[in-house]
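Let's take a walk through this structure together, one piece at a time. Keep the sequence and the 3D view open as you read.

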Amino acid sequence: SLLAAGGRWRGLTASLPDMTELHTLDVGHCKLGDEATAAVVRALPPGLAELGLSWSHCGEATAGALEAATLPCLSALDLSHSLRVGSYLSRVLARMPQLRRLGAYNCGLTDAAVEVLGREALPRLAALEVLDVTGNRCVTPRGWAALARGLSPGTRA
């Protein structure tokens, strides 16, 4: 594991592609900007299994990097407290059918975002076991019902 703390990420992107044995990368709480987070994602080794991006300012650049990333071993993704994640979460998850754990706690999800998530992304995530979407206060019971329809029977939400 490699834990990047205190926002010291600049040298990380140069080193990541050579870290072929890296299993877990957690840059949570570093509060990286969108471009910095995207740079980290673009540099990830393909064998990475767990990625923590909580408290990052993920936006369109990060979404594009995650969509383009080749991460066939990624089983856990934490985007918690990334308040702009709701608008692109379904697009990103479409490329991650092997995902087992998704952290989307307090990330600005809305009814519209969870409806798309439940209709388009979750049915493709057959391996998903844990989904944390707590703390998304803008989601109404209608949105939660739409999300639940997309969950597979073995998922703990």
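What follows looks at one helix and then at some charged pairs. Bear in mind that this is a predicted model.

Start with helix H5, which covers residues 111-121. Which of its residues are buried? They are Asp 111, Ala 113, Val 114, Leu 117, Gly 118 and Ala 121. These residues span an arc of only 165 degrees around the axis, so they sit on the same side of H5. And what do the buried residues of H5 pack against? Their partners are helix H4 (89-93) and helix H6 (141-150).

Now for the charges. Side chains of opposite charge can pair when their charged atoms come close. How many salt bridges does the structure hold? There are seven, and a few of them are worth a visit.

Asp 111 and Arg 142 meet through their side chains in a salt bridge, at 3.9 Å from N to O. Asp 111 belongs to helix H5 and Arg 142 to helix H6, so this pair ties together parts that are 31 residues apart in sequence. Are the two partners buried or exposed? Asp 111 has a relative accessible area of 12%, so it is buried. Arg 142, on the other hand, counts as exposed because its relative accessibility is 54%.

Next, find Glu 67 and Arg 91, whose side chains form a salt bridge with 3.0 Å from N to O. Here the link runs between distant parts of the chain: Glu 67 is in helix H3 (residues 60-68) and Arg 91 is in helix H4, 24 residues apart. Glu 67 is partly exposed, at a relative accessible area of 25%. Arg 91 is partly exposed as well, with 34%.

Glu 50 makes a salt bridge with Arg 101, and their closest N and O atoms are 2.9 Å apart. Why does this pair tie together parts that are 51 residues apart in sequence? Because Glu 50 lies in strand S3 (residues 50-52), while Arg 101 lies in strand S5 (residues 101-103). Glu 50 counts as partly exposed, with 24% relative accessibility, and Arg 101 is partly exposed with a relative accessible area of 38%.

Terms used
Residues numbered from 1 in each chain as written. Predicted model: local features only at pLDDT ≥ 70, side-chain atom pairs only at ≥ 80, totals over all residues. Heavy atoms only, no water. Buried < 20%, exposed > 50% of the residue type's maximum accessible area, 1.4 Å probe, protein only. Helix = DSSP H or I, 4+ residues; strand = E, 2+ residues; numbered from the N terminus. Arc of directions from axis to C-beta. Contact = heavy atoms within 4.5 Å. Salt bridge = Lys/Arg side-chain N within 4 Å of Asp/Glu carboxyl O.
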